[in-house]
Amino acid sequence: MFVCVCNSVTDSDIREAANNGACSMQDLQDELKVASCCGRCSDCARRVLHESLSQRAPAFTLAGSAASAGI
Ligand code: FES
C-alpha cells in the first residue's frame with residue numbers, strides 16, 4: 001500500500017529500508033523522501049518503521065544472549 005503519496009513510497013519500500021539499516025524517520029527521509037512534502041504520511045510511516053524494527057529485534061536479542069552466555 002502507498003504510505004506516502006507525494007513521493008510514491010509504499011510500506012514495502014519502508015520495510016526494505018529498515019532491513020537495510022534505516023532505524024529512524026530521518027533515515028527514511030534521507031533514503032526515501034517520505035514525509036518530506038505535506039507530511040500527512042508521517043504517523044503511518046513511523047508505524048510501519050517501528051513494526052519492521054520490532055520484527056527484527058528478536059535476532060539481536062538472540063545474538064546478545066549468545067554473546068553474554070559465551071557461545
Ligand atoms: S503523503 Fe508523504 S509527504 Fe505527502
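User: How many helices and strands are there in the protein?
Analyst: Helices are DSSP runs of H or I with at least four residues, strands are E runs of at least two, and both are numbered from the N terminus. This is a predicted model, where local features need pLDDT of at least 70, side-chain atom pairs count only at pLDDT 80 or more, and totals for chains, interfaces and linings use all residues. Residues are numbered from 1 along each chain as its sequence is written. The count is three helices and two strands.

User: Which pattern does the protein follow along the sequence?
Analyst: The strands include S1 (2–4) and S2 (9–10). The helices include H2 (25–32) and H3 (42–68). Read in order, the pattern is β-β-α-α-α.

User: Where does pLDDT stay under 50?
Analyst: pLDDT is the predictor's confidence in each residue, from 0 to 100. The protein averages 87, and 79% of the residues score at least 70. Where pLDDT is low, the predicted coordinates should not be read in detail. The stretch under 50 is residues 65–71.

User: Is Ser8 buried or exposed?
Analyst: Ser8 is found in the loop between strands S1 and S2, and has a positive phi of about 55° although it is not a glycine. A residue is buried if 20 or more other C-beta atoms, placed from the backbone, lie within 10 Å of its own, exposed if 12 or fewer, and partly exposed in between. Because Ser8 has 12 such atoms, Ser8 is exposed.

User: What is the phi of Lys33?
Analyst: Lys33 is found in the loop between helices H2 and H3. Lys33 is partly exposed, with 14 other C-beta atoms within 10 Å. Lys33 is not a glycine, yet its phi is positive, at about 70°.

Methods: Two residues are in contact if their C-beta atoms, placed from the backbone, lie within 7 Å.
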